[in-house]
Amino acid sequence: MQYKRVLLKLSGEALMGQRQYGIDPQRLKEYAKEIKQVVDKGVELAIVIGGGNIFRGVSGASNGMDRVQGDHMGMLATCINGLALQSALEDEGLYTRLQTAIEIKEIAEPFIKRRAIRHLEKGRVVIFGGGTGNPYFTTDTAAVLRAIEINADAILKGTRVDGIYTADPEKDETAIKFDSITFKDVIQKGLKVMDMTAFTLSEENKLPIIVFDMNKQGNLLKLVSGETVGTIVNH
Ligand code: GTP
């Protein structure tokens, strides 16, 4: 395997499948199967999941809600998704632990870096809920932060597009995909990979970001095996 320890970032919206809101159990099951293939190969895998399928702090704020309040609701949404994912992964026979950045001890372990690493070493999938535990930070930033803390080899950003393009491929059909690109070029070309906080945190800590299509079966396994899937951003 090309990667020994990875952090997989999934968006909350991805869990909606064809729905407008909430969690699609079928999609959840598909993701769990993809994740199992990788864990069965001995790859240590941690997951950060967003909460946008339930609540987005930013859109709450644009509707007049207090931003901090909205972000707290978003953090709880990621915990709900984390629980759903944990259940789906355990259905597939995987061992998992859910750790949250905000304490909800009756439901999940608190985030403890050393403990998270120990779980990974024992082959457990560790799901990090609650984002960074702070308002004004995205789950992408939480994903990069956790990836650095657990010494992941890369952060795998599962999306519905299959990589980084010269322009938005859903709007411009002449857009061309990059197999790899440097952090510098992403900024120079004004491409959007993650929000700036997440992106620069990744750059400063030399953590490669791989953007790939999580909805294509087998992609995750191919990626960690070393095949060219999606786009890698590195130095
Ligand atoms: P090792 O001792 O390293 O094998 O890890 P472990 O996770 O099995 O240790 P522990 O005995 O502490 O945990 C047993 C179970 O309790 C696991 O399912 C944990 O996720 C869960 N657990 C541990 N701490 C907490 C907590 O603070 N809150 C909740 N809700 N569950 C916890």
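## Helices H1 and H3

H1 passes H3 in a right-handed crossing (the near helix is turned clockwise from the far one by less than a right angle). This is a predicted model, in which local features need pLDDT of at least 70, side-chain atom pairs count only at pLDDT 80 or more, and totals for chains, interfaces and linings use all residues. Residues are numbered from 1 along each chain as its sequence is written, and side-chain values use heavy atoms, without hydrogens or water.

H1 covers residues 25-39 and H3 residues 67-91. Their axes lie 9 Å apart, at an angle of about 60 degrees. Leu28, Ala32 and Ile35 in H1 meet Ala84, Leu85, Ala88 and Leu89 in H3 (heavy atoms within 4.5 Å). By class, this contact has seven nonpolar, no polar and no charged residues.

## Helices H5 and H7

H5 (residues 139-149) and H7 (residues 196-204) have axes that come within 8 Å and cross at roughly 20 degrees. That makes H5 roughly parallel to H7. The crossing is left-handed.

From H5, Asp140, Thr141, Val144, Leu145 and Ile148 take part. They meet Thr197, Ala198, Leu201 and Ser202 in H7. The residues of this contact divide into five nonpolar, three polar and one charged.

## Ligand surroundings

Arg97, Lys105, Glu106, Ile107, Ala108, Glu109, Pro110, Arg115, His119, Lys122 and Arg124 surround the ligand (a heavy atom within 4 Å).

For Arg97 the distance is 2.7 Å. A polar side-chain atom of Lys122 also lies 2.7 Å from a ligand oxygen. For the side chain of Arg124 the distance is 3.0 Å.

Notes. Axes are lines fitted to C-alpha atoms, for helices over the stretch in contact, and angles run from 0 to 180 degrees between N-to-C directions. Helices (H or I, at least four residues) and strands (E, at least two) are DSSP runs, numbered from the N terminus. Angles under 35 degrees count as roughly parallel, over 145 as roughly antiparallel, 65 to 115 as roughly perpendicular and the rest as oblique. Ala, Val, Leu, Ile, Met, Phe, Trp, Tyr, Cys and Pro count as nonpolar, Asp, Glu, Lys and Arg as charged, and the others, Gly among them, as polar. A polar contact is a pair of N or O atoms within 3.5 Å; within protein, one must be able to donate a hydrogen and the other to accept it, and residues adjacent in sequence count only if both atoms are side-chain atoms.
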